[in-house]
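Me: Could you take a close look at one helix pair in this chain for me? Keep it chatty, but give me the cut-offs as you go.

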Amino acid sequence: MQDPTFLILLALSDRPRHGYGILLEAKELSGGTIRIGPGTLYGALERLEDAGHIELDREEIEDGRPRRYYRLTRRGRGVLVEETQRRDALVGLAKRRLAHR
């Protein structure tokens with residue numbers, strides 16, 4: 001899983017968010033090191049929704065424009081947990097290897 005996808009799922013782990021809110025949360029979660037562009041975001045949201053990892057929570061009209069809020073599904077939470085464990089294992093391996101040098 002690529003970092004932007006991981007951050008999108010992580011951004012939705014605590015509450016539903018709309019697209020721009022996801023962008024802001026992902027930027028904050030990464031400490032500003034990873035910036036997701038709108039094209040990347042909306043393509044990823046479509047793929048994640050098709051895979052059943054996220055779903056539409058609600059749609060609101062703000063300033064005359066629809067704003068779609070997404071939430072993590074049970075399947076999406078499971079994928080996020082698995083990816084977090086995978087990344088944690090890789091970090092542990094890297095730390096062990098670097099400690100021996």
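Reply: Let's start with helix α2 (residues 19-29) and helix α3 (residues 38-50), which pack with their axes 11 Å apart and at an angle of about 110 degrees. Axes here are lines fitted to C-alpha atoms, for helices over the stretch in contact, and angles run from 0 to 180 degrees between N-to-C directions. So α2 is roughly perpendicular to α3, a label for angles of 65 to 115 degrees. On the α2 side, the contact is made by Gly 19, Tyr 20, Ile 22 and Leu 23, and α3 brings Leu 41, Tyr 42 and Leu 45; contact means heavy atoms within 4.5 Å.

A word on the source: this is a predicted model, where local features need pLDDT of at least 70, side-chain atom pairs count only at pLDDT 80 or more, and totals for chains, interfaces and linings use all residues. Residues are numbered from 1 along each chain as its sequence is written, and side-chain values use heavy atoms, with hydrogens and water left out.

Now for the setting of that pair. The chain has four helices and three strands, running α-β-α-α-β-β-α from the N terminus on; these are DSSP runs, with helices being H or I of at least four residues and strands E of at least two. Its C-alpha atoms fill a box of roughly 60 × 25 × 20 Å along the principal axes. Of the 101 residues, 32% are buried, meaning under 20% relative accessible area with a 1.4 Å probe, protein chains only. As for contacts between residues at least 6 apart in sequence, 44% join residues at least 24 apart.

Definitions and conventions
Buried means under 20% relative accessible area, exposed over 50%, partly exposed in between (1.4 Å probe, protein chains only). Angles under 35 degrees count as roughly parallel, over 145 as roughly antiparallel, 65 to 115 as roughly perpendicular and the rest as oblique.
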